[in-house]
Amino acid sequence: QLGATKATVSIARGGRLVASAPIGATGAAIIKIENNDDVKHRPLLVRLDAGHDVATLPRRADGLIDVGRPGDLEFRGEGYTVVEKLDTMRAFFGGGKRIQTLVHTYLTAGTYAFVDNQPGAHPPAEPLVFTLGARR
């Protein structure tokens, strides 16, 4: 692959995570994340272990998925590996300035999920799950 895969993931009103186009290639990826919702969100990208589903990932007592300590560059939980943990994205109330962040990462074959890991997000945002290549 000569260039990085580019994609946009939007957090729509009501907290649903949607991709502008399928994220379909392994390797380097540049993913723009845009909060178009009027509440704060904290996106998290995890790679699911074989046989695990995003709905059954273990959650802490506060309802969040454990991502380790703030300074941890890598974290492995039961059934998942944290790929990217992002800061809280402020709410979008309209106007010309979009609430965006860029993720530069490397994706291997497997199943991934973007989830909202914002404290107090009730109900939590609907995750975006996608699979690249053959699962290992």
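Me: Which residue in E9 stands opposite Gly 110?
Reply: That's Leu 132 in E9. Keep in mind that this is a predicted model.

Me: And what about Thr 111, what's the bridge partner there?
Reply: Thr 111 has Thr 131 in E9 as its bridge partner. E8 and E9 pair in the antiparallel sense, over five bridges.

Me: What sheet do those two belong to?
Reply: An open sheet of five strands, in the order E5-E6-E4-E8-E9, with antiparallel pairing. Strand E5 (75–77) and E9 are the edge strands, and each of them pairs on one side only. From one strand to the next, the twist averages 30°.

Me: OK, back to E9. Which residues are on its covered face, and which on the uncovered one?
Reply: Leu 128, Phe 130 and Leu 132 make up the covered face of E9. Val 129 and Thr 131 make up the uncovered one.

Me: How many aromatic pairs are there in the structure?
Reply: There are three aromatic pairs. Take Tyr 112 and Phe 130: their ring centres are 5.5 Å apart and their planes are at 15°, so the pair counts as stacked.

Me: Why does an angle of 15° make it stacked?
Reply: Because planes under 30 degrees apart count as stacked, and the planes of Tyr 112 and Phe 130 are at 15°.

Me: Where do Tyr 112 and Phe 130 lie?
Reply: Tyr 112 lies in strand E8 (residues 110–116) and Phe 130 in strand E9 (residues 128–132), so the pair ties together parts that are 18 residues apart in sequence.

Me: Are Tyr 112 and Phe 130 buried or exposed?
Reply: Both Tyr 112 and Phe 130 are buried. They also form one aromatic cluster together with Phe 114.

Me: Switching topic: where is Val 46 found?
Reply: Val 46 sits in strand E4 (residues 43–48). This residue is buried, with a relative accessible area of 0%.

Me: How far is Val 46 from Gly 96?
Reply: Their C-alpha atoms are separated by 31 Å. Along the chain, Val 46 and Gly 96 are 50 residues apart.

Me: Now the sheet with E1 in it. What's the strand order there?
Reply: The order is E2-E1-E3-E7, four strands in an open sheet with mixed pairing. Strand E2 (17–19) and strand E7 (99–107) stand at the edges with a single partner strand each, so one side of each has no neighbour in the sheet. Neighbouring strands here are turned by 25° against each other on average, direction ignored.

Me: How do E1 and E2 pair?
Reply: Strand E1 (residues 5–11) and E2 pair in the antiparallel sense over three bridges. Val 9, for instance, stands opposite Ala 19 in E2.

Me: Last one: what volume does the largest pocket have?
Reply: About 190 Å³. The residues lining the largest pocket include Arg 42, Pro 43, Leu 44, Arg 60, Lys 85, Asp 87 and Asn 117.

Me: And how does that lining divide up?
Reply: Into seven nonpolar residues, one polar and four charged. Among the lining residues you'll also find Leu 64, Ile 65 and Val 67.

How values were computed:
Residues numbered from 1 in each chain as written. Predicted model: local features only at pLDDT ≥ 70, side-chain atom pairs only at ≥ 80, totals over all residues. Heavy atoms only, no water. 1 Å grid on protein atoms, 1.4 Å probe; cavity = no way out; pocket = protein on both sides within 12 Å on 5 of 7 lines; lining within 4 Å. Points joined across faces, edges and corners; volume = space filled by probe spheres on them. Nonpolar A, V, L, I, M, F, W, Y, C, P; charged D, E, K, R; others polar. Pairing = 2+ DSSP bridges. Axes fitted to C-alpha atoms, helices over the stretch in contact; angles between N-to-C directions. Phe/Tyr/Trp six-rings, centres within 6.5 Å; stacked < 30°, edge-to-face > 60°. Buried < 20%, exposed > 50% of the residue type's maximum accessible area, 1.4 Å probe, protein only.
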